[in-house]
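Subject: Structure for your files

Hello,

Please find the structure below, with notes on what was found in it.

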Amino acid sequence: MVNLGFSIGDLRFKNPVLTASGTFGYGSEFDDFLDVSLLGGIILKGTTLEPREGNAYPRMAETPSGMLNSVGLQNKGIEFFEKNIYPRVSSYNTNVIVNINGNHIDDYVGLAERISRLDKIPAIELNISCPNVKMGGMAFGTNLGATRDVTRAVRAVYPKKLIVKLSPNVTDIVSFAQAAEEEGADSISLINTLLGMAIDTGSMKPALSTITGGLSGPAVKPVALRMVWQVARSVRIPVIGIGGIMNTRDAVEFFLAGASAVQIGTASFIDPGVSLKIVGGISDYLSSKGFSDIKEIIGIINRQGTGKS
Ligand code: SIN
């Protein structure tokens with residue numbers, strides 16, 4: 001038997017494969033494809049205090065080895081979540097985590113307070129990295145002072161596990177991770193999407209209504225891996241790697257770089273059952289290499305030396 005479990009403080013995850021916010025709905029959309037309870041956790045769609053319509057269409061565009069989205073955090077707001085979604089997701093036998101968003105610090109604080117009252121939600125993911133909204137989102141995650149302020153404010157009202165989701169659209173990712181850790185984050189997840197754009201040469205117009213959007217998929221994986229490696233060696237809290245993980249091999253790269261867990265995002269659009277296949281694949285990989293616990297390989301490239309100073 002291979003031990004795949006990992007923890008954020010005293011919060012146990014049965015395995016290190018979670019699904020990324022905005023790519024897995026509220027879980028039930030995937031019930032026909034896999035047993036959601038066998039995953040390490042699911043991060044639910046980005047939630048705000050008030051309902052949001054999201055951005056105008058078109059808000060998705062395919063790009064080489066990736067896709068752009070500018071959904072704009074479409075969701076029905078926290079009240080709808082509490083009444084209609086929470087009772088449904090509570091039945092999953094895994095960690096169900098809510099991704100929270102706001103225009104202002106008070107929005108994040110208000111959401112965190114309400115979600116802290118929901119017994120079956122053991123953690124929130126603080127989204128300070130959405131690139132598709134005019135206020136909030138990435139504006140917090142690309143400014144060190146704002147990252148500190150929002151993390152500190154949410155920490156003050158939220159006693160359960162606080163994961164801060166970072167934006168890759170910064171020069172020095174390590175300083176943002178350390179700021180979040182210093183302000184009380186229990187874990188860091190990265191990366192959210194890279195700001196990008198595409199133009200339709202036929203219509204001579206931008207492919208997205210918002211002109212720019214967030215790039216995800218295999219195209220971003222090398223950037224994500226580099227940032228996870230940099231952050232994992234610079235903080236003491238667990239790091240959750242996200243970015244273009246399409247299969248077991250991709251996931252393993254993130255563990256070797258120092259991630260304690262991974263989130264599967266865009267890959268679920270191509271194969272809705274892929275996240276569970278990756279759980280099995282990681283176990284097979286560890287057995288084939290003679291390891292009995294995933295912790296043995298986390299950050300192993302740093303222990304072996306890379307040939308670089
Ligand atoms: C969106 O809804 O626009 C994407 C969410 C995100 O990138 O955090």
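Predicted model: local features only at pLDDT ≥ 70, side-chain atom pairs only at ≥ 80, totals over all residues.

Residues are numbered from 1 along each chain as its sequence is written, and side-chain values use heavy atoms, with hydrogens and water left out.

Barrel. Eight strands close into a barrel with parallel pairing, in the order β3-β4-β7-β8-β9-β10-β15-β16. On average, neighbouring strands of this sheet are turned by 25 degrees against each other, direction ignored. Strands are DSSP runs of E of at least two residues, helices runs of H or I of at least four, both numbered from the N terminus; two strands pair if DSSP finds at least two bridges between them. Strands β9 (residues 161-165) and β10 (residues 187-190) run parallel and are joined by three bridges. I163 has S187 in β10 as its bridge partner.

Helices. Helix α1 (residues 77-89) lies across β4 (41-47) and β7 (95-100), at about 160 degrees to β4. Helix α6 (residues 221-232) lies across β10 and β15 (239-242), at about 175 degrees to β15. Contact means heavy atoms within 4.5 Å. Axes are lines fitted to C-alpha atoms, for helices over the stretch in contact, and angles run from 0 to 180 degrees between N-to-C directions.

Ligand. The residues around the ligand (a heavy atom within 4 Å) include V71, L73, C130 and P131. A backbone N or O atom of G72 lies 2.7 Å from a ligand oxygen atom, and a polar side-chain atom of N192 lies 3.0 Å from an oxygen atom of the ligand.

Regards

Definitions and conventions: Polar contact = N/O pair within 3.5 Å; in protein donor to acceptor, adjacent residues only side chain to side chain.
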